[in-house]
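This briefing is written for a reader who has the sequence and the structure at hand. It is arranged by topic and may be read alongside the model.

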Amino acid sequence: MFEDLGYVIHTLYDDFCDAEHPERYLGIGLRSEEEVVLLRELDRALTLAEAQAPGGCDAEMLRVEGWAEVVAVAGRLAQVMVANDLGEVLALHEARGAAEA
């Protein structure tokens, strides 16, 4: 099932953090400077794709030349965020193990 792009973008810019100024969310919703940089790149890619889709409808956005960059940056950001989250979980697990020893 496809989600409305407007909803996804609203979540990115208003609910999760401010993709235009992600550095304010370092340590809150973002774990690393790399996440900040990639979120800023995602904002730029989305802005360019939106400019290529003057009608603003989802179908048009998905067909613009810049959409491939949006997907590529979002994929890199997702990988980094998951790796950072897993690293945090591992550190907590190791700390618990050390405390129990």
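Valine 89 counts as exposed, at 53% relative accessibility, because the cut-off for that class is over 50%. This residue lies in helix H4 of a model that is predicted.

**Helix H4**

- Helix H4 covers residues 67-100.
- H4 has 34 residues and spans 49 Å from its first C-alpha to its last, close to the 50 Å expected at 1.5 Å a residue.
- The buried residues of H4 are Trp67, Val70, Val73, Leu77, Val80 and Met81, whereas valine 89 in the helix is exposed.
- An α-helix has 3.6 residues a turn, so residues three or four places apart point the same way.
- Between valine 89 and glutamate 50 there are 36 Å in space, C-alpha to C-alpha, and the two are 39 residues apart in sequence.

**Helix H2**

- Helix H2 covers residues 33-52.
- With 20 residues, H2 reaches 29 Å from first C-alpha to last, close to the 28 Å expected at 1.5 Å a residue.
- Buried positions in H2 are Glu35, Val36, Leu38, Leu39, Leu42, Asp43, Ala45, Leu46 and Ala49.
- Glutamate 33 also belongs to H2, but this residue counts as partly exposed, at 47% relative accessibility.
- The C-alpha atoms of glutamate 33 and glutamate 23 are separated by 7.8 Å, and the two residues are ten residues apart along the chain.

**Nonpolar core**

- The largest nonpolar core contains 23 residues, and those with the most contacts inside it are Leu12, Leu39, Leu42, Leu46, Trp67 and Val70.
- Two or more residues of this core come from each of H1, H2 and H4.
- H2 gives the most to this core, with seven residues.
- In soluble globular proteins, nonpolar side chains tend to be buried together.

**Largest pocket**

- The largest pocket holds about 250 Å³ of space.
- Its lining consists of Leu5, Val8, Ile9, Thr11, Leu12, Phe16, Leu42, Leu46, Trp67, Val70 and Ala74.
- Helix H1 (5-16), helix H2 and helix H4 each supply at least two residues of this lining.
- H1 contributes the most to the lining, with six residues.
- By class, the lining has ten nonpolar residues, one polar residue and no charged residues.
- Leu12, Leu42, Leu46, Trp67 and Val70 are among the lining residues of the pocket, and they are also among the residues with the most contacts inside the largest nonpolar core.

**Salt bridges**

- The model has four salt bridges.
- One of them joins glutamate 23 and arginine 40, with the closest N and O atoms 2.6 Å apart.
- Glutamate 23 is in the loop between H1 and H2 and arginine 40 is in helix H2, so this pair ties together parts that are 17 residues apart in sequence.
- Glutamate 23 counts as partly exposed, at 39% relative accessibility, and arginine 40 is also partly exposed, at 25%.
- A salt bridge also forms between the side chains of aspartate 85 and arginine 31, at 2.6 Å from N to O.
- Aspartate 85 lies in helix H4 and arginine 31 in the loop between H1 and H2, so the pair ties together parts that are 54 residues apart in sequence.
- Arginine 31 forms a salt bridge with glutamate 88 as well, where the closest N and O atoms are 3.8 Å apart.
- This pair links distant parts of the chain, with arginine 31 in the loop between H1 and H2 and glutamate 88 in helix H4, 57 residues apart.

Note on methods: Residues numbered from 1 in each chain as written. Predicted model: local features only at pLDDT ≥ 70, side-chain atom pairs only at ≥ 80, totals over all residues. Heavy atoms only, no water. 1 Å grid on protein atoms, 1.4 Å probe; cavity = no way out; pocket = protein on both sides within 12 Å on 5 of 7 lines; lining within 4 Å. Points joined across faces, edges and corners; volume = space filled by probe spheres on them. Helix = DSSP H or I, 4+ residues; strand = E, 2+ residues; numbered from the N terminus. Nonpolar A, V, L, I, M, F, W, Y, C, P; charged D, E, K, R; others polar. Buried < 20%, exposed > 50% of the residue type's maximum accessible area, 1.4 Å probe, protein only. Expected span 1.5 Å × (residues − 1). Core = buried A, V, L, I, M, F, W, Y, C linked by side-chain atoms within 4.5 Å.
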